[in-house]
Amino acid sequence: MVDYTRLYSKLAQSIKASEIRELLAIISKKKDVISLAGGIPDPNLFPREELAEIAKYVIESYGNIALQYGETKGIPEVRETICKFLEATKGIKCDPEHVVITTGSQSALDLVARTFIDQCDIVISENPTYLAAVGAFKNAGARFIGISLDDNGMKTEELEDKLRKLGEDERKKIKFIYTIPIAQNPAGVSMTIDRKKHLLEIASQYDLLIIEDDPYSFLVFEDGVDRATLKSMDREDRVVYLGTVSKILAPGLRVGWIVAPGDIARKIEMIKQYVDLHTSTLTQLVAAEAIKRGVVEKVVSRAVPTYKSKRDTMLKAIRDYFPDYTWYSKPIGGMFVFAYIYKTGFDAGKLLPKAIEEYKVAYVPGGSFHVDGTGKNSMRLSFSYPSHEQIEAGIARIGKLIKEA
Ligand SMILES: Cc1ncc(COP(=O)(O)O)c(C=O)c1O
């Protein structure tokens with residue numbers, strides 16, 4: 001066997017296969033294991049018939065565009081559709097020239113990382129936060145400052161305090177604040193309007209950029225929750241906004257968008273050119289046509305009650321089966337509950353193989369959502385994909401595992 005390791009880049013040499021991902025791959029083949037692990041939509045919500053009809057229409061009517069290479073930043077009509085959609089649904093005013101269509105918002109995170117981060121630069125984020133954003137930023141060399149969460153989202157007072165105490169040299173290394181303000185992954189919590197205002201004030205005071213990742217704001221279940229995006233409140237062009245059709249149409253389309261101040265949008269476009277030339281022209285047009293025909297509203301009107309009742313089933317099961325030394329988030333939307341088990345030595349990662357093999361249940365250990373090496377005693381529990389029966393049985397099994405651990 002030829003040894004190629006000497007050829008690998010520093011990134012390839014340092015990147016580690018996640019044991020968890022490998023375990024999750026195993027679970028998908030084990031039919032008797034209930035998985036509360038993957039953050040994937042309920043496939044019953046996919047608008048199959050509408051997308052089949054739209055795909056046919058797009059290829060027949062726009063084949064020369066849909067099957068051809070396109071502009072790196074996205075098809076102009078698609079960018080216009082996204083701007084109209086964001087203005088109508090989120091109150092975000094944007095110029096199609098400041099929009100870059102991306103291959104899902106995961107590629108947007110990677111593009112943001114490539115655009116801003118050098119070795120040892122600092123990213124500020126919620127702690128815990130979305131693990132694949134942590135991965136994308138770390139691959140680019142980022143260090144993190146984590147800000148804790150409560151049921152009202154990122155604790156902005158803590159952010160202000162940490163910034164105040166940070167030395168001038170370190171402060172200069174901060175590239176942006178990454179936040180998921182609405183129905184956060186992994187905790188499902190949202191920032192109050194006061195905290196959002198506070199965050200924007202802090203960004204203004206310290207001259208910081210904010211990356212707002214917003215895949216879940218259509219999936220808010222409660223009336224009293226403030227749904228304003230930071231981007232719609234942004235008066236100083238400090239917010240780069242990331243969106244996606246993954247949770248409101250289908251993740252297989254791989255269509256997302258970045259709305260950024262003009263200079264940033266142009267830089268991102270230049271970088272994207274060498275990553276993938278452009279996002280699929282076919283799925284850009286399918287997504288845009290679905291948005292124009294109101295398919296998103298249809299999906300969302302079914303998704304909200306579906307996920308809300310699954311969340312209720314999960315929260316009731318946690319109350320019934322988890323020990324009282326558990327703290328768990330009360331998601332107002334999204335797809336996840338995040339739980340901490342306050343029992344000395346409890347390590348959700350170490351217990352996962354046993355959970356899968358003996359208890360026939362899977363979750364995502366919470367450590368990888370933490371940016372500071374903490375959180376071994378935590379886990380993310382997803383309610384979007386499993387049935388009500390699987391949620392209840394899965395939580396009962398995890399409850400037993402915790403108590404017997
Ligand atoms: C917070 C967050 N950002 C980004 C993504 C990536 O989404 P996609 O690439 O499917 O648009 C996800 C997916 O679960 C997510 O939860």
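This is a predicted model: local features need pLDDT of at least 70, side-chain atom pairs count only at pLDDT 80 or more; totals for chains, interfaces and linings use all residues.

Modeller: Two packed helices are described by the angle between their axes and the distance between the axes. Start with helix α5, residues 104–116, and helix α6, residues 131–139. Their axes come within 8 Å. They cross at roughly 30°. Angles under 35 degrees count as roughly parallel, so α5 and α6 are roughly parallel to each other. The crossing of α5 past α6 is right-handed.

Now one residue in this pair. Ala136 sits in helix α6. Its relative accessible area is 10%, so Ala136 is buried. The C-alpha of Ala136 lies 5.5 Å from the C-alpha of Asp110. In sequence, Ala136 and Asp110 are 26 residues apart.

Cys120 lies in the loop between α5 and β3. Most residues other than glycine have a negative phi, and most peptide bonds are trans. Cys120 is not a glycine, yet it has a positive phi of about 75°. At 39% relative accessibility, Cys120 counts as partly exposed. Strand β3 spans 122–127, and Pro128 is in the loop between β3 and α6. The peptide bond from Asn127 to Pro128 is cis. Its omega is near 10°.

Pro186 falls in the loop between β6 (174–179) and α9 (193–205). As for positive phi, Asp237 is a residue other than glycine with phi near 60°. Asp237 occupies the loop between α10 (230–233) and β8 (239–244). With 47% relative accessibility, Asp237 counts as partly exposed.

A salt bridge involves Glu236 and Arg238. The closest N and O atoms of Glu236 and Arg238 are 2.6 Å apart. The two partners differ in cover. Glu236 is partly exposed, at 43% relative accessibility. Arg238 counts as buried, at 15%.

Helix α3 (residues 48–66) packs against helix α12 (residues 281–292) at an angle of about 125°. The axes of α3 and α12 are 9 Å apart. At that angle, α3 and α12 are therefore oblique to each other. The crossing of α3 and α12 is right-handed.

Lys292 pairs with Glu289, with the closest N and O atoms 3.9 Å apart. Lys292 and Glu289 are three residues apart in helix α12, so about one helical turn separates them. Lys292 is exposed, with a relative accessible area of 56%. Glu289 counts as buried, at 11% relative accessibility.

The salt bridge count comes to 35. One of them joins Asp32 and Lys360, whose closest N and O atoms are 3.4 Å apart. Asp32 lies in the loop between α2 (19–29) and β1 (34–35), and Lys360 lies in the loop between α14 (348–357) and β12 (361–362), so the pair ties together parts 328 residues apart in sequence. Asp32 is partly exposed, with a relative accessible area of 45%. Lys360 is partly exposed too, at 25% relative accessibility.

Tyr363 is in the loop between β12 and β13 (364–365). Its C-alpha is 7.9 Å from the C-alpha of Gly38, although Tyr363 and Gly38 are 325 residues apart along the chain. At 0% relative accessibility, Tyr363 counts as buried.

Salt bridges can also link up into a network. Glu71, Lys73, Arg79, Glu97 and Glu269 are joined this way.

Finally, the surface. Val2, Tyr4, Leu7 and Tyr8 form a nonpolar patch there. Together they have about 440 Å² of accessible area. Tyr4 belongs to the segment before α1 (10–14). Its relative accessible area is 45%, so Tyr4 is partly exposed.

Back to the starting point. The α5 and α6 pair is roughly parallel, and Ala136 in α6 is buried.

Note on methods:
Residues are numbered from 1 along each chain as its sequence is written. Side-chain values use heavy atoms; hydrogens and water are left out. Patches are made of residues with over 30% relative accessible area and no salt bridge: like charges are joined within 9 Å, nonpolar side chains (Val, Leu, Ile, Met, Phe, Trp, Tyr) within 5 Å. Accessible areas come from the Shrake-Rupley method with a 1.4 Å probe; for residues, only the protein chains shown count as cover. A salt bridge is a side-chain nitrogen of Lys or Arg within 4 Å of a carboxyl oxygen of Asp or Glu. Helices (H or I, at least four residues) and strands (E, at least two) are DSSP runs, numbered from the N terminus. Buried means under 20% relative accessible area, exposed over 50%, partly exposed in between (1.4 Å probe, protein chains only). Axes are lines fitted to C-alpha atoms, for helices over the stretch in contact, and angles run from 0 to 180 degrees between N-to-C directions. Angles under 35 degrees count as roughly parallel, over 145 as roughly antiparallel, 65 to 115 as roughly perpendicular and the rest as oblique. A crossing is left-handed if the near helix is turned anticlockwise from the far one by less than a right angle, and right-handed if clockwise.
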